[in-house]
Amino acid sequence: MHWILSLRANKGIGMAEKILEVKDLVVEFRTDRGTITAVNGVNFEVFKGQTLGIVGESGSGKSVTALSIMRLIPNPPGRVAGGEILYRGQNVLDIPLDEMRSIRGNKIAMIFQEPMTSLNPVFTVGNQIEEVLELHQKELSKQQRTEKAIEMLKLVGIPSPEKRVHEYPHQLSGGMRQRVMIAMSLACEPDILIADEPTTALDVTIQAQILELMKKLQTEMGMGIIMITHDLGVVAETCDDVAVMYCGQIVEQSDVKTLFGHPRHPYTKGLIESIPSFDSTTGGAKGRLPTIEGMVPSLFDLPSGCNFQNRCAHVTEKCRGPHGEPKLEPVSKGQMVRCFHPLS
Amino acid sequence: MATNEQESKSLWHHAWDSLMSDRTTVIAMSIVLIYSVVALLSSTGLIVSDWSKEVGPSYAPPSSEFLFGLDIFGRSVFAKTVKATEIAMSVGLVTGILTVLIGVTLGSIAGYYGGKVDEVLVWFYTTVSSIPGIMLLISIAFIVGKGLLAVYLSLGLTSWTGLFRLIRGEFIRHKDREYVQAATAIGGGDFRKIFKHILPNVFHIVIINFSLQFQFAIKSEVILSYLGLGVQGVPSWGTMINDAKLELARGNWWQLAAATAAMMVVVLAFNILGDSLRDALDPKLKGK
Amino acid sequence: MSLTSYVLRRLFYVIPVILGVCFLIFIIFSVVSPDPTISMLGKHATKAQVLELREALGLNKPLYIQYFDIVKSAFTFDFGRSWSTKQEIFEMIKQGAIPSMTITFPAFFLSVLLSVSISLFVAFYRGTFLDKGVVFVCVALMSISSLVYILVGQWFFAFKLGLFEISGYEEGFPDVVPYVLLPIIIIIILSVGPDVRFYRTVMLDEIYQDYVRTARSKGLSERKIMFKHVLKNAMVSIITYVVLRIPFLILGSLLIESFFGIPGLGGMTLKAVNSSDFPVIKAMAVLSGIATILFNVITDVLYVVVDPRVKLN
């Protein structure tokens, strides 16, 4: 898994510090209809100051991957069935739960999609930020915690933070609530911020503001970000490296420029082409918006061979099972694809 | 609205499947079924038609001959317990039906039409529900006197308030939903919308409520018996439990035990059924 | 709008309900009910005697005046005199309230403490056999008639085992204890079943909310999550549920007081039913109606105060 390091060397980027490495992660869920593998052998790395995007449709396994890093998969019915998650070299899947808790919110933090329901409605936003400080920075006094909370609110761009700190979540707008969530997650200056669809529930204009805020904070604080999203537009704006997931597997992995400039997996190409744009070259003004035919197969009923076969325009007999599943393999400098016939 | 009906059907199918897959629920349903059959058989005289016959000495304790012992008149407690199933099941059934009729009718009208109609109905509901149940029961039973009809009336006229509130709430939520607007757009009238469209989506509440009312009525019959407002002439678990007031002092516990056990089993079954129905039918419930 | 104006508005809307309650009681006792004088005088009463008694009892007053009397009593608490004991009903109520509350209030506090604790415990261990077992026990407890608890309690624990007094009442502490302990225990057992089930549902509703996931992602322990986050959110529903029970505490339990010979309001009501003592029954109906209405208002106000999400408009 040194493809990213070599990539950076090629592009002349300084050696960023690797803080997270996910190896062969497998996550299963038990249901009444059987066991499904929501995440099936996923590998990636996260570096300080860099953003890794994990893209996919709902059900692709991207959120489950994110939750596994923090060991937040509800058990039952889910469980991590294999692999390692190395935070600074230590496998967090092995450590005792209270050690995990000292990492959560402290070294690795997470923000979620729905800021309204993700914040506790009966506590003030200040209280909720102070809570994470109380947990992990016990040396601070109450007074200091409140001051820090106000500071964090200011950092995320909330006006009149001294007043807002006493307000309840429902008194804030959606965009502001998400800023509060960001403030809460960054209060202890974590190494990694996992953002699970942070802007999906927000207005388009607010989306842009939040993403900009996150980039700014990343430059100031230097944390690595894992950006989970289904929106390639978000990926283009914020990510340095991208992993595209489909049915629990990564089907393409590269840096963001290469992904958009030269996608190799038919799925990735399909996703990129289906982004509406005003540019007439993609047929926006005159033609129909291209879509990917077919539907995501149910995880209970995956075809033998390539998972994407029933939707792929380039499918051949090879893809339908005789050679098993395609493996994720490097196809050019710093780009990996899981396909028997990667696009040229 | 084909899609709507299709959805409802698969909801019921799905619910039936999940109900059937839980062992406890199946047992509960079987118990209810058994009790219903027993009540039916007993009412047509096919079984225990000789319950009032004196078969032994007064207050004979349980033995191999008299399974549950005998009561003060030498009658078989077992026979009486079985006979009393009629009263219990009929009280539950009638009360349940009355509650559903009144609660759903008033609730749907109030929720659907809103405005002044709703205000009046809500005032009526608040008034009735402001008097604690037992006081209302006493008061109404006062008027209608004793007997089975009195029990039906007093329970039926006082238990509808909970269902009214639920149905009204659901109608308020549903009447502005898109599928109702669509029905209006194709020219559907009020009646049609209430019965054909909204009610099926709200029906699961009725079923759950019915199951819980049933068991509540059976338990209330005991209280009514104590108040002297119960059934005459035929044994009921309520009267049997009440008789125990005098019997216990002499150490005659078996009539109390038989009636309590018989009642507990069916009431427990209805409670479990009500819970399972709620789990299976309530779309709001998340995974547990 | 401010809290005071909300309270005032709420209280204002109470009036039509009080009038309605009085109307319902009026219909039941003055319009639809059978003539009580028949049962009081016996079968051989002459017409003259019946008329005389009806006059004395105020049964001949025009209907609207009878209704108005009920309404007046709702606001002045002057319920007239009992037909059986000739006492002033208001005095009877004052006397009966204390024994009733001696039983209901301790039972109430203890059962709330017990039920909330059990449900917290059960919510923590949700899905396990412990959880299912407790729920089953609760439902089983609820499936037995209250009468059975009273009879068995009285017969077995008081009579046979002699742990408590079978019936009766003694004023003053600690003399009163052996008389009220068993009734209190029975009431607690009767409440635990439905209460635990309700609190458990409320707490489980909260546990599956998103903010609990957020709290976990911040590194909070499960215990902290239950006691700080879940409980506070559940409190809103729990408080409204609990407060609505308070009017019943004042009125006492009819059955328990009757069986245990407690001279409280419940027993008083039952005696009145048996002797067709209309004024007393009417008074208790009016009193319980008003108490319920008032506590509904208190609950609504509490709701506004306790839940920061509720806006007054």
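The questions and answers below concern a predicted model.

User: At what angle do the axes of helix α3 and helix α9 of chain B cross?
Analyst: In chain B, α3 covers residues 77-113 and α9 covers residues 190-226. The two axes come within 8 Å, and α3(B) passes α9(B) in a right-handed crossing. The crossing angle is roughly 145 degrees.

User: How do the residues of the contact of α3(B) with α9(B) divide into nonpolar, polar and charged?
Analyst: On α3(B) the contact includes Ile87(B), Val91(B), Gly92(B) and Tyr112(B). On α9(B) it includes Leu199(B), Phe210(B), Gln213(B) and Glu221(B). The division is 13 nonpolar, 6 polar and 1 charged.

User: Which element gives the most to the side of chain C that touches chain A?
Analyst: The contact takes 16 residues from chain C and 22 residues from chain A. In chain C, α9 (210-217) and α10 (222-243) each supply at least two residues of that side. The one that gives the most, with 6 residues, is α9(C).

User: What classes of residue make up the side of chain C that touches chain A?
Analyst: Chain C brings 16 residues to this contact. By class they are 3 nonpolar, 7 polar and 6 charged.

User: What radius of gyration does chain A have, against that of a compact globule?
Analyst: Chain A holds 12 helices and 12 strands, and its C-alpha trace spans about 70 × 50 × 45 Å along the principal axes. Of its 344 residues, 44% count as buried. A compact globule with 344 residues would have a radius of gyration near 20 Å, so the value for chain A agrees: 21 Å.

Note on methods: Residues are numbered from 1 along each chain as its sequence is written. Chains are lettered from A and ligands numbered from 1 in the order in which they are written. This is a predicted model: local features need pLDDT of at least 70, side-chain atom pairs count only at pLDDT 80 or more; totals for chains, interfaces and linings use all residues. Axes are lines fitted to C-alpha atoms, for helices over the stretch in contact, and angles run from 0 to 180 degrees between N-to-C directions. Helices (H or I, at least four residues) and strands (E, at least two) are DSSP runs, numbered from the N terminus. A crossing is left-handed if the near helix is turned anticlockwise from the far one by less than a right angle, and right-handed if clockwise. Two residues are in contact if their C-beta atoms, placed from the backbone, lie within 7 Å. Ala, Val, Leu, Ile, Met, Phe, Trp, Tyr, Cys and Pro count as nonpolar, Asp, Glu, Lys and Arg as charged, and the others, Gly among them, as polar. The radius of gyration is taken over C-alpha atoms; the globule rule is 2.2 Å times the number of residues to the power 0.38. A residue is buried if 20 or more other C-beta atoms lie within 10 Å of its own, exposed if 12 or fewer, and partly exposed in between; C-beta atoms are placed from the backbone.
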